[in-house]
Amino acid sequence: MSAHLSRLRVRDLRTYVAADVVLGPGLTVVAGPNGAGKTNLLEAAYLACTGRSFRAASDADLVRRGAEAGNVAAEVATPAGPSVFSVGLEPGGQRTRRLRVDGNPVDSLLDHPARPRMSVFLPDRMVLVKGGPALRRSHLDQLLAVLRPGAAPLRRSFHEALRQRNALLSSLRARGADVAAAARELGPWDRTVAEAAAALTAARAGTTQAINPAVQARAEELGLSGVLEIAYRPRSSADPDEVLAALQERHGGDLERGFTHHGPHRDDLAVRRDGRLITRFGSQGEQRMALLALLLGETDVIEDATGQRPVLLLDDVMSELDAERRARLVALIRGRGQALVTVTEAAHVPGAEDPDVGRIDVVPGAAESVRVAAGGD
Ligand SMILES: Nc1ncnc2c1ncn2[C@@H]1O[C@H](COP(=O)(O)OP(=O)(O)OP(=O)(O)O)[C@@H](O)[C@H]1O
Ligand SMILES: [Mg+2]
């Protein structure tokens with residue numbers, strides 16, 4: 001059994017004065033009109049289990065307008081027994097976020113072994129497909145850290161080495177150093193950067209390879225035609241000697257610019273369908289399916305690697321999907337752990353009336369007493 005949220009209690013956050021929601025271990029449909037507070041409920045669940053919002057939000061944004069403090073507590077059922085994760089916010093107070101596990105203050109919720117992982121689909125997350133490479137790199141590195149905790153420091157080591165090399169380049173440039181002088185001073189940093197770069201590149205390649213079969217399978221099941229591929233586009237080699245040679249060749253250019261322009265800080269991932277970029281040759285719905293396939297495929301790989309299935313928070317996922325794709329998506333997530341899915345019309349979730357599917361109706365203005373039990377598995 002993977003950890004799942006069994007109950008969520010929200011006080012004075014966003015639209016909620018007080019909400020108390022019992023959650024089943026399977027699929028729960030969160031339904032209500034625009035602005036009712038559906039995304040706010042998912043955000044509260046995420047906040048309780050991570051100590052953070054899933055959208056850029058200050059504590060003052062999160063606390064209900066007119067209230068001075070707010071809090072959320074999630075009861076979590078884990079194989080080792082129940083736990084309670086809670087977050088208290090008091091924007092005007094001294095310490096803003098008060099994080100607790102089972103009533104005991106903690107510095108971070110993220111490292112707690114009972115914490116359920118969460119995989120979040122928000123319409124905003126389309127930037128992962130459509131936006132710039134930095135988001136994809138950091139997404140890939142987060143995944144790497146989950147799948148191979150031992151490799152988590154690789155990103156930091158590389159960026160630290162890069163920072164030092166760039167500082168030196170900038171100072172060499174300011175001093176008007178020539179290439180020969182620069183080469184002498186850069187020598188030790190070239191080697192350090194090359195080794196860290198090659199290790200990070202190899203780890204990123206391995207992670208991309210590890211997720212592709214699951215991502216492809218989920219894409220097919222969702223009804224995305226063609227073969228979806230998450231292609232790693234490294235900017236430098238996974239062989240330290242080759243990176244070293246490449247850095248040495250570029251001393252002149254680096255000196256001119258004052259920074260390192262070769263290495264994994266410029267990597268990207270390409271989301272392709274039948275070899276073509278989905279952002280250039282895919283419809284809105286197809287791009288959405290590609291992102292869903294990526295997130296769902298990763299969830300499966302994380303479950304295989306850690307034995308714990310992340311809780312899925314799927315916000316507004318049904319819009320832009322046709323009836324057949326909606327049914328396919330529901331078939332994919334039902335019976336596979338906990339998923340909270342927001343929709344404006346419950347009818348957008350085929351099977352929403354089935355007894356094993358939980359249901360929360362978020363009624364605008366009546367959020368004081370949302371108290372809806374959700375189905376079992
Ligand atoms: N701190 C706050 N205090 C009170 N209300 C807030 C606060 N922050 C956001 N809101 C209100 O929450 C509402 C939006 O809630 P939410 O985003 O959860 O709606 P939703 O049900 O997801 O709607 P949609 O279907 O349009 O996505 C807005 O009306 C907004 O004004
Ligand atoms: Mg919403």
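Two strands count as paired if DSSP finds at least two bridges between them; strands (E, at least two residues) and helices (H or I, at least four) are DSSP runs, numbered from the N terminus. This is a predicted model, in which local features need pLDDT of at least 70, side-chain atom pairs count only at pLDDT 80 or more, and totals for chains, interfaces and linings use all residues. Residues are numbered from 1 along each chain as its sequence is written.

**View 1. The open sheet of 3 strands.** The strand order is E9-E10-E11, with antiparallel pairing. Strand E9 (228-233) and strand E11 (276-277) are edge strands with a single partner each, so one side of each has no neighbour in the sheet. Between E9 and strand E10 (residues 268-273) there are 6 antiparallel bridges. Glu229 lies opposite Arg272 in E10.

**View 2. The largest pocket.** A pocket is an open set of points on a 1 Å grid over the protein atoms alone, where a 1.4 Å probe fits, with protein on both sides within 12 Å along at least five of seven lines; lining residues have an atom within 4 Å of a point. The volume, the space filled by probe spheres set on the points, is about 1,200 Å³. Of the 34 lining residues, Tyr46, Arg52, Met118, Arg125 and Gln142 are closest to the centre. Helix H4 (133-147) is among the elements giving two or more residues; its share of the lining, 9 residues, is the largest.

**View 3. The second largest pocket.** This pocket has a volume of about 210 Å³. Its lining comprises 13 residues, with Pro113, Arg115, Pro116, Arg117 and Gln308 closest to the centre.

How values were computed:
Chains are lettered from A and ligands numbered from 1 in the order in which they are written. Side-chain values use heavy atoms; hydrogens and water are left out.
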